[in-house]
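Hi,

Here is the structure I promised to pass on. Have a look at it first, and then read my notes below.

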Amino acid sequence: MSETLLDAARRAATLALAKGAGACAVGAWRARNVEVTWRDGKVEKATEATTRALGLELYVDGRYAAVSTSDLRPDALARFIEDAVALARTISPDPFRRLPEPELYAGRAGLDLELDDPDYGRVTAETRRGWAQAIEAGARAADPQGRIISATGSTGDTQVESAIVHTDGFEGTRHATDFWISGEAAVLDPDGRRPEEYAAAGSRFWGALERPEEIGRRAATRALSRIGTVKGESALMTVAVEARAAGRMASMLFGPLSASALQQKRSFLDGKLGETIGSPLLDVRDDPFVKRGFGSRLFDGEGIAAKPFPIFEQGALRSYYVDTYYGRKLGMRPTTGRMSNHAWVPGTRSLDDLLADAKEALLITGFLGGNSNGTTGDFSLGVKGFRVRGGAIAEPVGEMNLSGNHLELWKRLAAVGNDPYPYSAMRTPTLVFEGVQVAGL
Amino acid sequence: MAIGYFSRFGVTERMISETLTAALSRGGDFADVFFQHKIGADLSLEDGAVNRAYASVELGVGVRVVKGDQTGYGYTEELTPEALVAAARTAATIADGPSRPGPVALHVAPARASRYPLVRPWEEVRPEEKLPLLVDLEQRAFAADPRIRKVNAHLRDESGAVLIADSRGRIVEDRQPMTLLSLSCVAEQDGRREQNGYNVAARAGFEFYTQERLDRVVTEAIARTTVLFEAGPPPAGEMPVVLAAGSSGILLHEAIGHGMEADFNRKGTSIYADKIGKRIAAPFVNIMDDGTQPAARGSINVDDEGNTAGATRLVEGGVLTTFLHDEISARHYGVSPTGNGRRESYRHAPLPRMRSTYMLPGPHSRDEILRSVKRGLYCVGFSNGQVAIGAGDFTFYVKNGWLIEDGRLTRPVKDVNLVGNGPKVLEKVDMVGDDLEIDEGGWTCGKDGQSVPVSQGLPTVRVASMTVGGRGSGR
């Protein structure tokens, strides 16, 4: 099966050269996706498909076009590639566009990252339905007073294979599986509002998934805890961001580390390599070799051999995310254009301990909209969570907002939890910031 | 009538009929087949040259089987009878009874007058014609202000078609053009950088790009970027908010539009679930969701279930009148579909979605509204928003705005998120201007992992109080 996909990529590469491209990179992928949603006692939706597509980056007479298609009928594909080559010829040349320098391909690690579950085929329709049903059951069991309006259990899994072929000889294939289960519960607040919450878990291996009943229980417990939500006061205060929610905070800091943002002058971290951006607790590496990690890989989308590298060390900025194109424009050595997994140096204390220490604080459990200006570092985000009083979780709060500037915020990082969130490649722990602007009443 | 566009891919009535028969082989109530061919073309200008081109083709088909409010779905990129029947059999497993007959006869719907007639269809526009447009925008942006340091311009166009066939025997085809032009600038002043831009979009051909429209793109992009040097965050906390006519329609999209999508109400999870027929706003508040506006990005001739898209009144005289329905929710409520069943692509089953959502003009003038505010925020440009359907809390992010002091716009503000609760905010809409504008921007709505193009509009509107996510008390 994978041989066929690699062959398809090779054929497309050969075809592109025959149609006049000087060089090209081809990516081919095929994925099986299965999703089951169970709601209030029955299957609500079941989706199953095997899907495929082909993408080409074409280098034609110093010009560049990137194209993709799901129409793989041989005649249609040949015409598509011919048109793409002609399209590339109409635009301006770009001296920075070419395949990666081959030395970047070298040194591919010989690790087994355990991304592909050999038992994928043993997961049946009944298994999936059973999980989804168990999620709802777990949610209902956590709601003895019957305040749940609607409880949903979902499962989704994919089995994906991909192949990359460059006309300079680079080839790579990849097989991966992932399994996700999630629960969603909506509850009736006596005042008429219907707060909802979710819980989710994922794994590369289905045997390693959390128990679905537990996911349902967590979703229901979280939703029930939202009853009686009030708006808190506007203030400068200590803010703890739960590990699951903290990925949103981190992504706003890491996005502007891309070489494209730097080169286009859209990064508040431009020119700050080596400088102190955060408190010493901001210490994060990019680690592509996490076993079973959601961002793990042996090579990136350009074929660059993956290796771990530091992003922040004790608050100091150590590396940018540099792809080959913008790396050439900036005269910077490529790292990789896309993050793999983040590995934070974790703290030693749990969320509860951190809240006990903080005494008076806002615990953020979710964000609602908002945005961050990557050019200036200003951000303003809708938040919900709980007021923390006397070191313990007190009333639920919502309809509130958090704002500031990242160049100040991360220096106020006062504590990091021991709880990296396992269901995201960002793997953020709980983050505690002091003196942050909260808006409400 | 015979199959038109999709006959080029070998799609026949017989193939459709066999697929629908397979789809109902286990006793579903209803089945449909959605064919899609979408050709996307993108040209981008960066660092002084149009030096990247992107092209994409999506060709595929999705088969859906509905049993009550249960959905089975399968899709494939292979438009062969075997692959279609296999996808149909996968979708059919949602039901588990005896088979039902497929359609007795299929009828291809006659062509209708399009809401997006094209003068210059994108299939006929060569890249050589598009390039100068981007180059011209860039040159004019640099010429307009010496502080401009980087300019990005991007032109996207889409062409292609969809075909929807269902177990009632209907076959509907629609061509679905789209175009979007964006101009983005980075400016520098005294070592500070600011970035912003402007974009326009429509279901139109190359003729959309008139000189007047291109002038506006440049003027707005420059103005919205350079004003940021004078702008700062507004104070934090609750205050009156005036929404400028146009893209402020994002308020409606988040505060009420999503909550009126009937799937949430069918499940009882929307804060509006039990509010039909009830007063939710002042009598001068009238809110529409409309698929009929000529060439609007959110307009559609038919939805992705083949139903004609009409103009749906969500709120009439301050009273909640109707939800936005797809086929499943319309059956559930025993009403006619409103033409809101939309999907991102053949890889997705349709859901109730908005089209162009706006408020009709009201009794107040813009000046009167601004003069009425002692101290508040005037919002002009937006980037994004989000809503929690059940709790009703929503946000939208203001990229450009002004402080209002003693009825006058005083200093510009930027990068501030506004937070409210849908029903509470609608109650607090206490002035509505007479100056409705439908925004021309390229808005995209996301729900359940599916993106669809939408439009939005608003007259100048005053909300008595919202939480402004600024900084400091400012008092």
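To get you started: which residue in strand 10 of chain A is the bridge partner of Glu313(A)? The partner is Ala316(A). Before you go further, keep in mind that this is a predicted model.

Strand 9 (residues 309-313) pairs with strand 10 (residues 316-317) in the antiparallel sense, and two bridges hold the pairing. Two residues sit between the strands in this hairpin, and one to click on is Gln314(A), which takes a positive phi near 45 degrees. Strand 9 of chain A also pairs with strand 8 (residues 284-286) of chain A, again antiparallel, over three bridges. In that pairing, Arg285(A) has Pro310(A) of strand 9 as its bridge partner.

Next, the helices. Helix 3 (residues 125-141) and helix 4 (residues 212-224) of chain A pack with their axes 6 Å apart, at an angle of about 45 degrees. Angles under 35 degrees would count as roughly parallel and 65 to 115 as roughly perpendicular, so helix 3 and helix 4 of chain A are oblique to each other. The crossing of helix 3 and helix 4 of chain A is right-handed. Helix 3 of chain A brings residues including Trp131(A), Ile135(A) and Ala139(A) to the contact, while helix 4 of chain A brings, among others, Pro212(A), Ile215(A) and Arg217(A). Sorted by class, the contact of these two helices has ten nonpolar, two polar and four charged residues.

On to the domains. Where domain 1 and domain 3 of chain A touch, four residues of domain 1 are in contact with nine of domain 3. On the domain 1 side, that comes to three nonpolar residues, one charged and no polar.

Finally, the two chains. Here 60 residues of chain A are in contact with 68 residues of chain B. On the chain A side, strand 2 of chain A gives the most, with ten residues. By class, the chain A side has 21 nonpolar, 24 polar and 15 charged residues. There is strand pairing between the chains too: strand 3 of chain A runs parallel to strand 2 (residues 49-67) of chain B, over five bridges. To find this pairing on screen, look for Thr69(A), whose bridge partner in strand 2 of chain B is Val57(B).

Cheers

Technical notes. Residues are numbered from 1 along each chain as its sequence is written. Chains are lettered from A and ligands numbered from 1 in the order in which they are written. This is a predicted model: local features need pLDDT of at least 70, side-chain atom pairs count only at pLDDT 80 or more; totals for chains, interfaces and linings use all residues. Two residues are in contact if their C-beta atoms, placed from the backbone, lie within 7 Å. Helices (H or I, at least four residues) and strands (E, at least two) are DSSP runs, numbered from the N terminus. Ala, Val, Leu, Ile, Met, Phe, Trp, Tyr, Cys and Pro count as nonpolar, Asp, Glu, Lys and Arg as charged, and the others, Gly among them, as polar. Two strands pair if DSSP finds at least two bridges between them. Axes are lines fitted to C-alpha atoms, for helices over the stretch in contact, and angles run from 0 to 180 degrees between N-to-C directions. Angles under 35 degrees count as roughly parallel, over 145 as roughly antiparallel, 65 to 115 as roughly perpendicular and the rest as oblique. A crossing is left-handed if the near helix is turned anticlockwise from the far one by less than a right angle, and right-handed if clockwise.
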